[in-house]
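I opened the notebook to look up the helices, the surface and its patches, in that order.

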Amino acid sequence: MTAEWGGDFLMPPRLHPVLGFAAVALPFGAVYFGMSAALGIPEAGTVLRKVGRKLRLVR
């Protein structure tokens with residue numbers, strides 16, 4: 001069955017779930033909040049400022 005859908009050609013990587021989360025959710029979140037802030041959505045800017053303060057990037 002997997003050969004019918006290309007499963008033997010494009011096998012999913014064997015990552016630990018935490019590494020899979022980091023590889024998918026963190027870049028998605030960064031792009032999501034970055035684009036939301038660029039579009040002028042005030043809530044996204046607030047979240048980015050709070051995260052920046054926690055990381056001591058923005059004062």
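The entries below record what I looked up.

Before anything else I noted that this is a predicted model, in which local features need pLDDT of at least 70 and side-chain atom pairs count only at pLDDT 80 or more, while totals for chains, interfaces and linings use all residues. Residues are numbered from 1 along each chain as its sequence is written, and side-chain values use heavy atoms, with hydrogens and water left out.

**Helices.** I looked up the secondary structure and found 2 helices and 0 strands; helices (H or I, at least four residues) and strands (E, at least two) are DSSP runs numbered from the N terminus. Helix α1 covers residues 17-38, which is 22 residues, and its first and last C-alpha atoms are 31 Å apart, close to the expected 32 Å, where the expected span is 1.5 Å times one less than the number of residues. After α1 I found glycine 40 with a positive phi, near 90 degrees.

**Glycine 34.** This residue lies in helix α1, and its C-alpha is separated by 8.1 Å from that of leucine 48, 14 residues apart along the chain. Its relative accessible area of 33% makes glycine 34 partly exposed, the class between buried (under 20%) and exposed (over 50%), with a 1.4 Å probe and protein chains only.

**Surface.** Buried residues are 10% of the 59 in the chain. The chain exposes about 5,600 Å², 70% of it from carbon and sulfur atoms, the areas coming from the Shrake-Rupley method with a 1.4 Å probe and, for residues, only the protein chains shown as cover.

**Patches.** I took patch members as residues with over 30% relative accessible area and no salt bridge, like charges being joined within 9 Å and nonpolar side chains (Val, Leu, Ile, Met, Phe, Trp, Tyr) within 5 Å; a salt bridge is a side-chain nitrogen of Lys or Arg within 4 Å of a carboxyl oxygen of Asp or Glu. Val47, Val51 and Leu55 form a nonpolar patch with about 240 Å² of accessible area together. Valine 51 sits in helix α2, residues 42-54, and counts as partly exposed because its relative accessibility is 43%. Arg49, Lys50, Arg53 and Lys54 gather in a patch of positive charge; among them, lysine 50 also lies in helix α2 and is exposed at 52%.

Definitions and conventions. Lys, Arg positive; Asp, Glu negative; His and termini not counted. Charge placed at Lys NZ, Arg CZ, Asp CG, Glu CD.
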